[in-house]
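Q: I have a structure open and would like to go through it step by step. Could you begin with the terms?

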Amino acid sequence: MPKVTFLNQDGLTVEVEPGSSLLEAAQKCGAHVGESCGGNCACSTCHVWVTEGYESLSEMEEAEDDRLDMGFDVREESRLACQAKIGDEDIVLEITEESLRAWLDEHPEERKKVGSG
Ligand code: FES
């Protein structure tokens with residue numbers, strides 16, 4: 001099974017079934033990826049930068065592209081974690097500041113532990 005590694009969470013890594021979304025991978029291992037709209041492509045809080053394996057992800061649909069336009073610090077390697085489906089290759093990604101902040105807003109009880117805010 002392909003692995004997903006979250007670079008800015010001490011290299012936290014999880015194995016997932018092909019066809020899972022990057023957000024599902026994050027949920028499976030507790031990575032701090034925001035999901036304000038519940039994975040419905042209606043926000044940009046699940047914005048991540050995919051540094052390895054980008055080409056193996058599902059193609060970006062127009063809705064994701066449009067939504068990403070509203071994100072912060074959008075780069076060539078940007079994807080919305082709830083929309084990008086994993087193929088057969090391992091993925092390495094970085095959670096954006098925008099997404100980390102959203103996750104903390106969604107998990108106020110974790111703020112102190114993480115030491116931010
Ligand atoms: S969780 Fe809102 S667009 Fe992905």
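A: Helices (H or I, at least four residues) and strands (E, at least two) are DSSP runs, numbered from the N terminus. This is a predicted model, in which local features need pLDDT of at least 70 and side-chain atom pairs count only at pLDDT 80 or more, whereas totals for chains, interfaces and linings use all residues. Residues are numbered from 1 along each chain as its sequence is written, and side-chain values use heavy atoms, with hydrogens and water left out.

Q: Where is Asp-10 placed?
A: Asp-10 lies in the loop between S1 and S2. Its phi is near 60 degrees, a positive value in a residue other than glycine. The hairpin of S1 and S2 has five residues between the strands.

Q: Is Asp-10 buried or exposed?
A: Asp-10 counts as exposed, at 83% relative accessibility. Buried means under 20% relative accessible area, exposed over 50%, and partly exposed in between (1.4 Å probe, protein chains only).

Q: What about Asp-73, where is its place?
A: Asp-73 belongs to the loop between helix H2 (62–68) and S4. Its phi is near 50 degrees, again positive in a residue other than glycine. With 46% relative accessibility, Asp-73 counts as partly exposed.

Q: Now the sheet. In what order do the strands come?
A: The order is S2-S1-S5-S3-S4, an open sheet of five strands with mixed pairing. Strand S2 (12–15) and strand S4 (78–80) stand at the edges with a single partner strand each, so one side of each has no neighbour in the sheet. Two strands pair if DSSP finds at least two bridges between them.

Q: How many bridges join S1 to S2?
A: Four bridges join strand S1 (residues 3–6) to S2, and the two run antiparallel. Lys-3 stands opposite Glu-15 in S2, and Thr-5 has Thr-13 as its bridge partner there.

Q: Which strands does H1 touch?
A: Helix H1 (residues 22–29) packs on the sheet and touches S1, S2, strand S3 (47–52) and strand S5 (91–95). Contact means heavy atoms within 4.5 Å. The direction of H1 makes about 75 degrees with that of S1; axes are lines fitted to C-alpha atoms, for helices over the stretch in contact, and angles run from 0 to 180 degrees between N-to-C directions.

Q: How many residues has the largest nonpolar core?
A: The largest nonpolar core has 24 residues, and those with the most contacts inside it include Val-4, Phe-6, Leu-22 and Ile-91. Such a core is a set of buried Ala, Val, Leu, Ile, Met, Phe, Trp, Tyr and Cys residues joined through side-chain atoms within 4.5 Å. S1, H1, S3 and S5 each supply at least two residues of this core, and H1 gives the most, with four.

Q: Last topic: what sits over the ring of Trp-49?
A: The charged end of Arg-75 sits over that ring, 3.6 Å from its centre. The criterion is that NZ of Lys or CZ of Arg is within 6 Å of the ring centre and within 35 degrees of the ring normal.
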